[in-house]
Amino acid sequence: MDFRFTPEQESFRKEVRDFLESEMAKGIFKPRCDAWIIGHSPEFSRKIGEKGWIGMTWPKEYGGQGRSYLDRLVLTEELLRYGAPVAAHWFSDRQIGPSIITYGTEEQKKEFLPKIINGEIYFGLGMSEPEAGSDLAALNTRAVEDENGFVLNGQKVWTSGAHSFNYIYLVVRTDPDVPKHKGISEMIVDLNSPGISVNPLVDMTGGRHFNEVFFDNVRVPKTAIIGKRNEGWKQIVAQLDYERSGMERVMANYPLFEAILKYAKETKYKGQPLSKHPLIRQRLAQLTVEFEVGRLLIYKVAWVLSQKRIPNYEASLAKTFCTEFQQRLARTAMEILGPYSQLKPESERAALDGMAVHSFLITPGYTLQAGTSEVLRNILAMRGLGLPAA
Amino acid sequence: MDFGFTEEQEMLKKMARDFLTSRCPKKLVREMEKDEKGYAPEIWKEMAELGWMGLAFPEKYGGGDGTFLDLAVLLDEMGRACLPGPFFPTVVLAGMAILEAGSETQKKELLPQIAQGKLIATLATTEDSPLYDASDISTSASEESGNFVINGTKLFVQDAQTADLIIVSARTKKGSENKEGISLFLVKKGTAGVTTTPLMTIAADKQAEVVFNKVVVPKENLLGELHNGWPVLGKVLQYAAAAKSVEMLGGVQQVLEMTVSYAKERVQFGKPIGTLQAIQHYCADMAIDIDGCRLIIYQAAWALNENMPCAKEVALAKAWVSDAYQRCLISAHQIHGAIGFTEDHDLPLYYRRAKAAELAFGDADVHRETVACEIGL
């Protein structure tokens, strides 16, 4: 048992921090909560790519570094600690690359991986549909094969960043005549293809990262398919474990966590720092306990991956706990700030640059995206504890 | 980073599981609740023969040269089995205190006896306002003609009735801070002026009030430096909080396993209740709590083993498991239904012990306050 990172990993951590500090000093970015999903900056992603920090766990032959998942953990932990704008490459680095490596053909690997690594192309995820949310396998976007390839028709929804990305990693129905889990395939589609239209969905923070994506007789080549035709469901299940278990699940609002601790130390309450108030101490300490527990749960998933094992229930477990922690973080911060907490970021009197109110508004989505907490608890109960299916 | 046990630890775990399954059934646990001594001497002897008491002591003191993490593996299994008896106070409290602070003579005399199962020992430090810090201590010890005379009342002393040796904390000098002027003394069984009265606790776990009335102990019974006992005691209390957390982890894991298997067997509305999502989600929440416990607790045990400063790690662990175990028990009881509410069921054994363990060495509030200090609040 060893709860330390290696000296090499710690020096890598310092390298990442030094880079981020200098970028911040240059005014390239300002720490933001949720920057992994709303901080879209192709320029910044290209810089990260030049550092070799996209696809660092991928094989060297495709431009990766062949480094461990624990090394990547150090990187992602620091990117999130600083709230750096990494949304452009985040999905690609987290799950699209690994899927292409596991299921793609040699040609697909050679075509896409180096471009992802260099920060040249950015992928969105086309999974949910209006009638296929938690029941993802009910998806209905059809891919019909003809002699030239496939013709796509249908609609995706809640597609983060579809208006800024160049590709979409799409889950489609290739066989409607078999049980629903058995007729699904995965494919890569150029978002500039004729017949695709992207329509914004403004979320309750007022921000736009969600979209609806419509497919109207979109033609794609046969080579668009990733992995085995009609076996996409099995591929998705593994991919979702990557999606669910990254550091962002516990650290997306880390800038707020730091800010509220600082606020408690610097704000006076009845003549002494707010942080001396027993109730405030208990609440901030409880958040610290939960944060440390959550971070270890995420570390454990990376450790399981580094052992070449599949985190088949650990990812669901970690995501459930960590996203609920972030909701509690947002709520506690709002309560500590009192009436100021309701002020929107643009208000002059807004506390903490409006970080708390942003987190308060955005965190309800955390327990929905990438598997609702209910679906994840089902997975944990059945896969993790062996309870029988209903 | 490595979250796995070594091969030796896996073997130790299996050995402990097998031994406790056969030698410490719940029937024995129940008998020992009513037994005055609270332990079965023949099992105590067998545990000593297996090398458990001395596991974490160096070989030169008759120990097994193991680590605190090895000891944690054992405590995990003991918590699962609800092992009754004085292992914890003897090994974790007294053993670690002697190992940390004892003179060579004291270590050579006492540790081999503990390792052989021939000496039961405990620590008496908490008094009438137990916060598990230096402010707890108001018992005094004054130097009189080459001896120390101890006066005061200690509370919640584990297994004091059966202890051959009590390590007691006392104030030997007034200091400007609570932590100053504390010393530790070895008080042997039968010393005049020591009165032990059992406390009737819900876990029937043999805690006691110990009154020291003009108890005279010779100078050589001082454990560690005069007036400077707090660093040792503070460290022992960290070991204790971490060790108690590990024991709780074993308990709560067993509670989950009992609950999951009951949910698979119990049929209502024509199917096992474990098929129902409400039940599945209770179980999932327990699993989340427990996986968190495992990581945060073993992190503390590991940090102690590495001899790192780890006040924060220990406090994180005890704060989390104290609350998490209670949450899990509420779900476990809910799933077991009325049968789990009966005295003859195993679940109440865990329910009662979990509360005792939560209260021992600082509950969640106490440890959250430590976390607050450690993060600079």
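Biologist: How many Å apart do the C-alpha centres of domain 2 of chain B and domain 3 of chain B lie?

Modeller: This is a predicted model. Domain 2 covers 123-227 of chain B, and domain 3 covers 231-374. Their C-alpha centres are separated by 30 Å.

Biologist: Which class of residue has the count of 7 on the side of domain 2 of chain B that touches domain 3 of chain B?

Modeller: The contact takes 12 residues from domain 2 of chain B and 11 residues from domain 3 of chain B. On the domain 2 side, 1 residue is charged and 4 are polar. The class with 7 is nonpolar.

Biologist: Is Leu12(B) buried or exposed?

Modeller: Leu12(B) sits in helix α1 of chain B, residues 7-23. Beyond its neighbours within four places in sequence, Leu12(B) touches Asp70(B), Val73(B) and Leu74(B). A residue needs 20 or more other C-beta atoms within 10 Å to pass the cut-off. Leu12(B) has 23, so it counts as buried.

Biologist: What separates the C-alpha atoms of Leu12(B) and Glu77(B)?

Modeller: Along the chain, Leu12(B) and Glu77(B) are 65 residues apart.

Biologist: How many residues of α9(B) are buried?

Modeller: Helix α9 of chain B runs over residues 311-336 and has 26 residues. From its first C-alpha to its last it reaches 37 Å, close to the expected 38 Å. The helix is mostly covered, and its buried residues number 19.

Biologist: Which residue just after α9(B) takes a positive phi?

Modeller: Helix α9 of chain B covers residues 311-336. Just after α9(B), a phi of about 70° is taken by Gly337(B).

Technical notes:
Residues are numbered from 1 along each chain as its sequence is written. Chains are lettered from A and ligands numbered from 1 in the order in which they are written. This is a predicted model: local features need pLDDT of at least 70, side-chain atom pairs count only at pLDDT 80 or more; totals for chains, interfaces and linings use all residues. Domain bounds come from an automatic or database domain assignment. Two residues are in contact if their C-beta atoms, placed from the backbone, lie within 7 Å. Ala, Val, Leu, Ile, Met, Phe, Trp, Tyr, Cys and Pro count as nonpolar, Asp, Glu, Lys and Arg as charged, and the others, Gly among them, as polar. Helices (H or I, at least four residues) and strands (E, at least two) are DSSP runs, numbered from the N terminus. A residue is buried if 20 or more other C-beta atoms lie within 10 Å of its own, exposed if 12 or fewer, and partly exposed in between; C-beta atoms are placed from the backbone. The expected span of a helix is 1.5 Å times one less than its number of residues.
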